[in-house]
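Reader: Could you take me through one part of this structure slowly? I'd like a close look at the nonpolar core and the aromatic rings in and around it.

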Amino acid sequence: TPSSQVKEYKRINIKQVDAFTDVPLMGNPAGVVLNAQGLSDQQMQAIAREMAVPETAFILPATQPGADLRIRWFSAEMEVPLCGHATIASFHVMAEEGLYDMTNSGTYNFNLETKSGVLPVRVEKTISHADVYFGLPTPEFLRAGQFKLDLMRILNITLEEFDPRMQIVMTNYLFVPVRRLHTIFAIKPNFFALAQFLTNRKLLGVCVFTTETIERKSTVHSRFFAPTVGINEDPVTGSANGPLGVYLFEQGMLDDKVDGDTITVIGEQGDVIGRKGRVTIQLSLRGKTVTSVMVGGRAITTLDGEMIIP
């Protein structure tokens, strides 16, 4: 065909970034589109589906007063209200490219507009890397012990494997404490049954965790399952690790970690599926009350290219 008939498609710059790690092909992969202005919801969803990573972040100008910028997150299936790892990935890329005045080493603070409100982000940039901390909404937990029998069936675990010191609780995620690390490693969920269970109860995912860890400096090890969002198992989940820190503190599990009015602990995730990641969980306290939650980590860019879209 003559060249005049070749259709001109749009090209966008896109990166793939592994978050909560500084080792390539570990942690949790995210797509990052730095300039998503002019993309429709349908295009964003199609790009996220094509990337086929847990989430792709689309960086946009802020629409709310007081916000510096805005991020929307899409899984392969749908837009999600909150995503920690894709936020860490996005600010890693912005720091790497020297965007938003992040040209030199130093600490940079942002107000990020999201579907979950305007949330704080702190970037600590050095010559070699950036540590990114993302503030999450402070969770409120509801008791969810009534789901124990369902969970035994769906996760294929026995009654004895639950941790009796803590209750099953929920936000828009379900948090399930088990005693032992080997239980966490052995879990093979029935994803069809889990998807039905989550849909019926309007929950987005299940975080199964234990205070038995691989590394001595860590405090909690977890796995996260979200088949209804299109992610059977998420490698490393910032939006679950933050609330997990709050829950462990409320249950008296972090009393030895209090340093003045803050607590900093490390959450492990991803090891089971060969994508080791580590999440720094920072809690600010006023007495026995958590006043703010941040999750933090590093990231590494593994792919940098152009995508052609209709």
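Author: Here is a walk through the core, and then through the ring pairs.

Before we start: this is a predicted model, so local features need pLDDT of at least 70 and side-chain atom pairs count only at pLDDT 80 or more, while totals for chains, interfaces and linings use all residues. Residues are numbered from 1 along each chain as its sequence is written, and side-chain values use heavy atoms, with hydrogens and water left out.

A nonpolar core here is a set of buried Ala, Val, Leu, Ile, Met, Phe, Trp, Tyr and Cys residues joined through side-chain atoms within 4.5 Å. Buried means under 20% relative accessible area, exposed over 50%, and partly exposed in between (1.4 Å probe, protein chains only). The largest core has 61 residues, and the members touching the most others are Trp-73, Phe-91, Val-123, Phe-134, Phe-175, Phe-209 and Leu-283. Helix α2 (residues 84-97) gives this core its largest share, seven residues. Helices (H or I, at least four residues) and strands (E, at least two) are DSSP runs, numbered from the N terminus. Apart from this core lies another one, of 22 residues, including Ala-144, Leu-151, Leu-155 and Leu-198.

Now zoom in on Phe-91. Its relative accessibility is 0%, so Phe-91 counts as buried. Skip the neighbours within four places in sequence, and Phe-91 is in contact with Leu-69, Ile-71, Met-102, Phe-110, Leu-112, Val-121, Val-123 and Val-132 (contact means heavy atoms within 4.5 Å).

On to the rings. Rings of Phe, Tyr and Trp (its six-membered ring) pair if their centres lie within 6.5 Å; planes under 30 degrees apart are stacked, over 60 edge-to-face, and the rest tilted. The whole structure holds eleven aromatic pairs. In one of them, Phe-91 and Phe-110 are tilted, with 5.3 Å centre to centre and 50° between the planes. Phe-91 lies in helix α2 and Phe-110 in strand β6 (residues 106-114), so this pair ties together parts 19 residues apart in sequence. Phe-110 is buried too, with a relative accessible area of 8%.

Phe-141 and Phe-175 pair edge-to-face, because their ring centres are 5.9 Å apart and their planes sit at 90°. Phe-141 is in the loop between β8 (130-136) and β9 (142-143), Phe-175 is in strand β11 (residues 173-177), and the two are 34 residues apart. Phe-141 counts as buried at 18% relative accessibility, and Phe-175 is buried at 0%. Both belong to a cluster linked by ring pairs, along with Tyr-173, Phe-209, Phe-224 and Tyr-247.
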